[in-house]
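Subject: Structure handover

Hello,

The structure you asked about is below, and my notes on it follow. Please read them with the coordinates open.

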Amino acid sequence: MRACRWAVAAGFSLMMAAILAAVLTMETAVRPLLLGQGLLLAIGLAVLLGLCALTLRQDKPLTRRAKLGEAAFWLALFVLQAVLCFFAYFMTGWDVKTLLESAYALAGGDAIVDHYYYSLYPNNAFLTLVFSGVMRAFRGVSPGAGLARCAYILIVGQCALNTLAGVLTRRTALQLTGSRRLSWLAAVVYAGFVGLSPWLMIPYSDSMALLFPVAVLYLYAGRREKGGGTWLVIGLLTGVGYLIKPQAAIVTIALGIVEAMRAVSERRPARFVLRAVCVLGITALLAGPGFDALLARSGIHVRAERTLGPLHFAMMGLSERTGGTYDAEDLARSVSVEDPQARAQMQREEIAARLEAMGLRGLARHLQRKTRINYGDGLFAWGGEGNFFAERIGDKDGLLSPALKRAIGCEGDSASGRALASWMQAIWLALLAGSAGMVLAYAAARGDDHRRDLLLTLMLALIGLTLFETIFEARARYLFAYAPLYVLAGICGIRAVVIRMCGVCKKA
């Protein structure tokens, strides 16, 4: 098992280094930037290396004032998020429009539920029901509230989830490193990168699922010996997260792999089986009979035979026309075959034909292109979906609203938009570079099995997410739900590099 663990750590670092190289060697950046990507990486990495060096000093005793300071920090972030979103939000198109209008209809508003859409994509039905519940409650205290006002309430909810994810990111960083100073650096990076992301303004699964992966990792990090209740909560978070966005369950799979390796090393299979039963039982209950019962009473009518299934997304993932992203021709191809078994057979044959046509070299080029699509943008492909800025909402004032809307791209390319993109890209590239140093963080945790398990879980989760997006449909925004984990990996890797550099300097 020791060799397997080291293989995961080394493999993760190599994977992140290869991803960074693929991004830096792009002929043109995904979006206009103020500086070249190499220079942005150098700036971001230099800043984080310097800040990490400052965190190596010994922590001061924890005081009540420090606890109040933490509460004030996160409250300020939440208020800032809610205010900025209020002045800048808009109504988008693509899938979000369908979800919001269907939820509004279920909440008693003047709209129509798109039953055909949910037959194709039943994974979005649960989130629609959550949205409809929030809208119904809001319309109860604000009768006649329109769709735009209801959408803002959902956005405020996303701000709260985003802030809570930041709290858990900081506390997980403390468990991973044992340094309160370093955990605060993670909090600051989170606030500047995830907490101020414009994706807050899009009520959809990418932002709604943000809490679940880091919450699972936090629970796993919290105690060395966890009772059955902890594993049941992990199962609950996994089940709900899966219903919102299937990728949210990847961190629990990673956790299960690490626990299995620990069980083999310690020769305690019974304990592992009990924990697995707790997690899998709750997850299966929620994602299976629980969801079916909820859907049956929801007012959303799903025809299971129309569901596209994972083979459809694997087929799209091999579309050279679109670089493995959404392909309208592939959608039409899948929808045209009504029988589920015949559709699956068609998809398998098309997948085999595309692999044969590509060959090994062609497949390698295609996967490199997908990697750049997935990882090439620190704004996670903001503005890239169809009819993104569909409906502008009137400016709330004559200064802040216009300025924010220019920065997020409502009016096309602008200097402030390039500044925002450059800010996010510098942090993102630095985090990718820092993640390549995770093998050093794993080596530095020698003798602390608990911390090493946490680091392995973090690395395996991001490996699993990368493989998922490499195999299936490519989308940079699909990585956003794991942004807190990328912050943790980047910060931990950079810290390990700084410690190693300090050690070399002392020896010299």
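**The cavity**

The count comes to one cavity of 30 Å³ or more. A cavity here is a set of points, on a 1 Å grid over the protein atoms alone, where a 1.4 Å probe fits but cannot get out, and lining residues have an atom within 4 Å of a point. Grid points are joined across faces, edges and corners, and a volume is the space filled by probe spheres set on the points.

Before the rest, the ground rules. This is a predicted model, in which local features need pLDDT of at least 70 and side-chain atom pairs count only at pLDDT 80 or more, while totals for chains, interfaces and linings use all residues. Residues are numbered from 1 along each chain as its sequence is written, and side-chain values use heavy atoms, with hydrogens and water left out.

The largest cavity holds about 30 Å³ of space. Its lining consists of Glu-259, Arg-262, Ala-263, Arg-268, Arg-271, Phe-272 and Arg-275. Helices are DSSP runs (H or I, at least four residues), numbered from the N terminus. By residue class, the lining has two nonpolar, no polar and five charged members. Ala, Val, Leu, Ile, Met, Phe, Trp, Tyr, Cys and Pro count as nonpolar, Asp, Glu, Lys and Arg as charged, and the others, Gly among them, as polar.

One of the lining residues is Arg-262, which is found in helix α12. Arg-262 counts as buried because its relative accessibility is 12% (buried means under 20% relative accessible area, exposed over 50%, partly exposed in between, with a 1.4 Å probe and protein chains only). Leaving aside neighbours within four places in sequence, Arg-262 is in contact with Arg-5, Arg-271, Asp-449 and Asp-453 (contact means heavy atoms within 4.5 Å).

The loop between α12 and α13 holds Arg-267. Arg-267 has a positive phi of about 55° although it is not a glycine, and it is exposed, with a relative accessible area of 75%.

**Aromatic residues**

The structure holds 30 aromatic pairs. Phe-73 and Trp-74 form one that is edge-to-face, with 4.9 Å centre to centre and 85° between the planes. For these labels, rings of Phe, Tyr and Trp (its six-membered ring) pair if their centres lie within 6.5 Å; planes under 30 degrees apart count as stacked, over 60 as edge-to-face and the rest as tilted. Phe-73 is partly exposed at 27% relative accessibility, whereas Trp-74 is buried at 5%.

A stacked pair is formed by Phe-193 and Trp-428, at 5.9 Å centre to centre and 15° between the planes. This pair links distant parts of the chain: Phe-193 is in helix α8 (residues 180-193) and Trp-428 in helix α18 (residues 415-435), 235 residues apart. Both Phe-193 and Trp-428 are buried.

One aromatic cluster is made up of Phe-90, Trp-94, Trp-199, Tyr-204, Trp-382, Phe-388 and Phe-389.

Two charged side chains sit over rings. The charged end of Lys-396 is over the ring of Phe-86, 4.8 Å from its centre, and Arg-452 lies over the face of Tyr-442, at 4.3 Å from the ring centre. The rule is that NZ of Lys or CZ of Arg is within 6 Å of the ring centre and within 35 degrees of the ring normal.

**Other residues to look up**

Ala-381 is found in the loop between α16 (340-375) and α17 (400-407). Its phi is near 60°, a positive value in a residue other than glycine, and Ala-381 is partly exposed, with a relative accessible area of 25%.

Gln-347 is in helix α16 and is buried, at 1% relative accessibility. Not counting residues up to four places away in sequence, Gln-347 touches Leu-308, Leu-311, His-312, Met-315 and Ser-334.

Pro-122 is in the loop between α5 (115-120) and α6 (125-141). Pro-122 and Thr-307 are 185 residues apart in sequence and 7.1 Å apart in space, C-alpha to C-alpha.

Thr-28 is in the loop between α1 (2-24) and α2 (37-54) and is exposed, at 59% relative accessibility. Thr-28 and Asp-59 are 31 residues apart in sequence and 43 Å apart in space, C-alpha to C-alpha.

Regards

Note on methods:
Helix = DSSP H or I, 4+ residues; strand = E, 2+ residues; numbered from the N terminus. 1 Å grid on protein atoms, 1.4 Å probe; cavity = no way out; pocket = protein on both sides within 12 Å on 5 of 7 lines; lining within 4 Å.
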